[in-house]
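Please read them beside the sequence and the coordinates.

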Amino acid sequence: MSTFQPETIRVRDTRIACDGSGDIPAALGHPKVWLQIDEKGYVDCGYCDRRFVLVGGPADNGKG
């Protein structure tokens, strides 16, 4: 059984935007949403499951 590991992106701002693009054109992603990182040090996108981790925050393990 395989476990899905969502993409983790390390960021330097607590407010970030996600549109599901990256390696794919933005038109193939999802609607742009603004996300806020809280005291946990990360936030997950409800559309694409990407995890945005604040560099130096409590959830940052230095990888990704």
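1. Is Asp 38 buried or exposed, or does it fall in between? In this predicted model, Asp 38 has a relative accessible area of 35% and is therefore partly exposed, since that class lies between the 20% and 50% limits. Its side chain meets that of Lys 40 in a salt bridge, with an N to O distance of 3.9 Å, and Lys 40 likewise counts as partly exposed, at 43% relative accessibility.

2. The salt bridge between Arg 50 and Glu 7, at 2.8 Å from N to O, deserves a separate look. The pair links distant parts of the chain, with Arg 50 in the loop between β4 and β5 and Glu 7 in the segment before β1, 43 residues apart. Arg 50 is buried, because its relative accessible area of 12% is under the 20% limit, whereas Glu 7, at 43%, counts as partly exposed. Beyond its neighbours within four places in sequence, Arg 50 is in contact with several residues, among them Ile 9, Cys 18, Gly 20, Val 43 and Cys 45.

3. A further salt bridge joins Asp 60 to Arg 10, the closest N and O atoms being 2.9 Å apart. This pair, too, links distant parts of the chain, with Asp 60 in the segment after β5 and Arg 10 in strand β1, 50 residues apart. Arg 10 is partly exposed, with a relative accessible area of 31%. A search of the whole structure finds 4 salt bridges.

4. Not counting residues up to four places away in sequence, Val 11 touches Ile 16, Ile 37, Phe 52, Val 53, Leu 54 and Val 55. In soluble globular proteins, nonpolar side chains tend to be buried together.

5. Finally, Thr 8 is found in strand β1, which covers residues 8–11, and is partly exposed at a relative accessible area of 34%. Thr 8 and Val 55 are 47 residues apart in sequence, and their C-alpha atoms are 12 Å apart in space.

Methods. Residues are numbered from 1 along each chain as its sequence is written. This is a predicted model: local features need pLDDT of at least 70, side-chain atom pairs count only at pLDDT 80 or more; totals for chains, interfaces and linings use all residues. Side-chain values use heavy atoms; hydrogens and water are left out. Helices (H or I, at least four residues) and strands (E, at least two) are DSSP runs, numbered from the N terminus. Buried means under 20% relative accessible area, exposed over 50%, partly exposed in between (1.4 Å probe, protein chains only). Contact means heavy atoms within 4.5 Å.
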